[in-house]
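Please keep the sequence and the structure in view while reading.

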Amino acid sequence: MEFPVGAGIEVRSDSLKTATNQSPADSGTGTDSTPEYQIRRQHKQTDEQNPTELTSLIRTGLINRIGEPRFELWFDHPDCIRIEARSVVITASSDFAVQRLQNSFAADIRYVVSRVCGESYSCRFSADETELESSDVEPADSGSTISIEGYRQKESVPVAPSRRQVSLNSFCFGKENQLASASADQVMRHPGKFSPLYVFGPTGSGKTHFLEGLATDFRRSTGKARCVYLSAEEFTATFVASLRGAGLPMFRRKYRDLDFLAIDDVQFFAGKRATLGEFQSTVDNLLRLGKQVVVSSDRPPAELTGIAPELSARLSGGLICPLDYPELEGRIGICNTICRDRGFNFSPEVIELVAEKVCGDVRKLSGALNRLHAASVVSGSSVSVAMTSEVLVDLFALAGAMTSLSRIEKAVCDLCQIRPAELKSSSRKKRICTARMLAMYLAREHTTNAYSEIGDYFGGRSHSTVIAARKKVENWIEKEQRIDLPNAAYEVADVVKRIKSSLRVG
């Protein structure tokens, strides 16, 4: 069976089937002499074609031209390619993805469309509901032949998708994060004086909100200042795209000519040598010009692995600021902010109960309040304390759950960089004894195991040894003593807090 495709072009379905089964390497460059298209001229009009058939043929042609793996990565969504009024619309999820598609595949798409649909069809790229006309793919004049010779790739890099506009006014610092509050105030008052500002904390402590809010407030307060916030993953993707699209000079002009640059989750750069080199050069240039750099991570700079010591030293040279999980007062403030923003009407008793029972990751608070609102809508009644306890019974149970000896063992060994066998051994080395006492202290505080059970688990020690270890650690915390970890010396209270964060216990 043959499918007429308009403008005198016809594609044999059996030929396309054969071509589809070939690998990208076998399909060659997609010229007329290859099996990609067995084309012969006939006088039939494209108007006669079923859009579904045309879409199917376009997808098949793209598979043969760019290869099945790349096609599945970029075009596998059923609605990614559609026909609308003599136009082929390529849809992506964001402006960023649209730019990637245009930079990488515009010529290939135009070539396939011209072969399948004819030269009178145009191409459009669309991000969600906002269509972006492709300046790289121009519709052909009627009766002319479509060619990719005139295709010229933009000398630009993808633009990050638009973001929510959050402010630090909506960030509930609390007494546990007063250093972060003071750091933000200094950045706003004296940009570049404390640069780079390095913020670190566990997942869900609010690092992204902090950086986005700081970037928004900086942009508003300084008017025309050039200010950019993006994640380390987005920085990497944009850099790689600029390399492939010959847009590196523009990439560098964009990020080295800023007044404020915020990069979230810099631990993502680990092991990416080219991106690390570019990021380090960008930071060096901004610091040299006295500009403000803000970065975040899930660990202190001294503990970043897969990153050159030079970059770690630069990130440590400004102001290092920990960001901790909010305490009860902060969680109440967060709940009130969420309820105000989303129009939830919960009593103070309900909010206090949720804040008291749901600790750690602040996203859990958001999820709990959303669930209460949904339950209220379903039942048609207001949310009471009893209803809250019933609806959130699983979250409250998790909040009250204790951890296990094995999890404590792993957390302590990971932080102190020792093996579990060493922790349970009879070794009297200082670093091993310190880690063992920390583990025993945490085990007594956050498990239901008896002293004797804890002693047995950590090398067959007596219950009196566990009691002594607990008192020793409590004494260290009270006197604000410091202990040596592999990378640096820290106060015992900070070490205990970090282990609790990794265990997700209060």
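## Basis of the model

This is a predicted model, in which local features need pLDDT of at least 70 and side-chain atom pairs count only at pLDDT 80 or more, while totals for chains, interfaces and linings use all residues. Residues are numbered from 1 along each chain as its sequence is written, and side-chain values use heavy atoms, with hydrogens and water left out.

## The chain as a whole

The protein chain holds 21 helices and 14 strands, these being DSSP runs numbered from the N terminus (helices H or I, at least four residues; strands E, at least two). Of its 506 residues, 48% count as buried, that is, under 20% relative accessible area with a 1.4 Å probe, protein chains only.

## The contact of H9 with H10

Helix H9 (residues 273-288) and helix H10 (residues 309-316) pack at an angle of about 35°, their axes 11 Å apart; axes are lines fitted to C-alpha atoms over the stretch in contact, and angles run from 0 to 180 degrees between N-to-C directions. Leu-276, Phe-279, Gln-280 and Asp-284 of H9 meet Glu-310, Leu-311 and Arg-314 of H10, contact meaning heavy atoms within 4.5 Å.

## The largest pocket

About 1200 Å³ of space lies in the largest pocket, a volume being the space filled by probe spheres set on grid points joined across faces, edges and corners. A pocket is an open set of points on a 1 Å grid over the protein atoms alone, where a 1.4 Å probe fits, with protein on both sides within 12 Å along at least five of seven lines, and lining residues have an atom within 4 Å of a point. Of the 42 lining residues, Asp-298, Arg-299, Pro-300, Glu-303 and Arg-498 are the closest to the centre of the largest pocket.

H21 gives the most to this lining, with 7 residues, and H10 is among the elements that each supply at least two.

Methods. Buried means under 20% relative accessible area, exposed over 50%, partly exposed in between (1.4 Å probe, protein chains only).
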